[in-house]
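Here are my notes on the structure. Please keep the sequence open while you read them.

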Amino acid sequence: MADHDSPQEVAAKFLDKLKSSPFVMIGLNDGEHSEPMTAQIDDDQPNTLFFFAGKDNRIAAGGDAMAQFVGKGHDFFACLAGNVTRDDDRAQIDKLWNNQVEAWFPGGKADPNLTLLRFDIDSAELWETDISVGGRLKMLFGGTIRGEESGSHAVVGSVA
């Protein structure tokens with residue numbers, strides 16, 4: 001896959017895609033399956049994703065984790081490695097709280113089962129699959145897609 005954009009440009013596109021569809025599969029590196037969760041994004045902490053979860057959630061114990069993302073149009077993919085920890089800072093909870101979160105926690109911010117998890121991203125592999133019109137025609141009618149007709153790929157230590 002060609003690398004049309006710089007790693008920083010690909011990372012910026014990832015954050016935009018994640019904001020428009022904030023759903024990831026995330027799991028600890030403990031052999032258990034990943035599960036879908038809604039990422040909360042704090043622009044002041046761009047290398048961290050936050051998740052509101054129950055204290056009994058399978059990733060609430062924390063540890064090394066992996067998260068996978070697929071953009072709404074299947075035009076962007078990401079695999080993120082990092083560490084999950086609890087971050088029950090009241091100011092951070094207030095900052096990220098919204099109506100969608102409240103729907104899952106009937107007790108609101110005071111729900112005794114509520115915890116805020118933070119996923120600090122150590123590294124990411126990002127793929128943008130924006131194939132050109134010429135490349136799409138080749139896919140329909142046969143032919144080899146050249147590098148300049150495919151998307152971008154980046155391995156980054158930071159998504160900021």
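1. Start with the lining of the largest cavity. G27, L28, D30, E32, H33, R58 and I59 line this space. By class, the lining residues split into 3 charged, 2 polar and 2 nonpolar. Bear in mind that this is a predicted model.

2. How much space lies in the largest cavity? About 30 Å³. The structure holds 1 cavity of 30 Å³ or more.

3. Next, the β5 and β6 pairing. Strand β5 covers residues 63-70 and strand β6 covers residues 76-86. They run antiparallel and share 8 bridges. For a landmark, find D64: its bridge partner in β6 is N83.

4. β5 and β6 make a hairpin, with 5 residues between them. In that turn, H74 has a positive phi of about 55°.

5. β6 also pairs with strand β7, residues 114-128. This pairing is antiparallel as well, over 11 bridges.

6. Last, confidence. The average pLDDT of the chain is 83, and 77% of the residues score at least 70. Which residues need care? Over residues 132-140, pLDDT stays under 50. The model has 14 contacts beyond four places in sequence for residues 132-140. Where pLDDT is low, predicted coordinates should not be read in detail.

Methods. Residues are numbered from 1 along each chain as its sequence is written. This is a predicted model: local features need pLDDT of at least 70, side-chain atom pairs count only at pLDDT 80 or more; totals for chains, interfaces and linings use all residues. Side-chain values use heavy atoms; hydrogens and water are left out. On a 1 Å grid over the protein atoms alone, a cavity is a set of points where a 1.4 Å probe fits but cannot get out, and a pocket is an open set with protein on both sides within 12 Å along at least five of seven lines; lining residues have an atom within 4 Å of a point. Grid points are joined across faces, edges and corners, and a volume is the space filled by probe spheres set on the points. Ala, Val, Leu, Ile, Met, Phe, Trp, Tyr, Cys and Pro count as nonpolar, Asp, Glu, Lys and Arg as charged, and the others, Gly among them, as polar. Two strands pair if DSSP finds at least two bridges between them. Helices (H or I, at least four residues) and strands (E, at least two) are DSSP runs, numbered from the N terminus. pLDDT is the predictor's confidence in each residue, from 0 to 100. Contact means heavy atoms within 4.5 Å.
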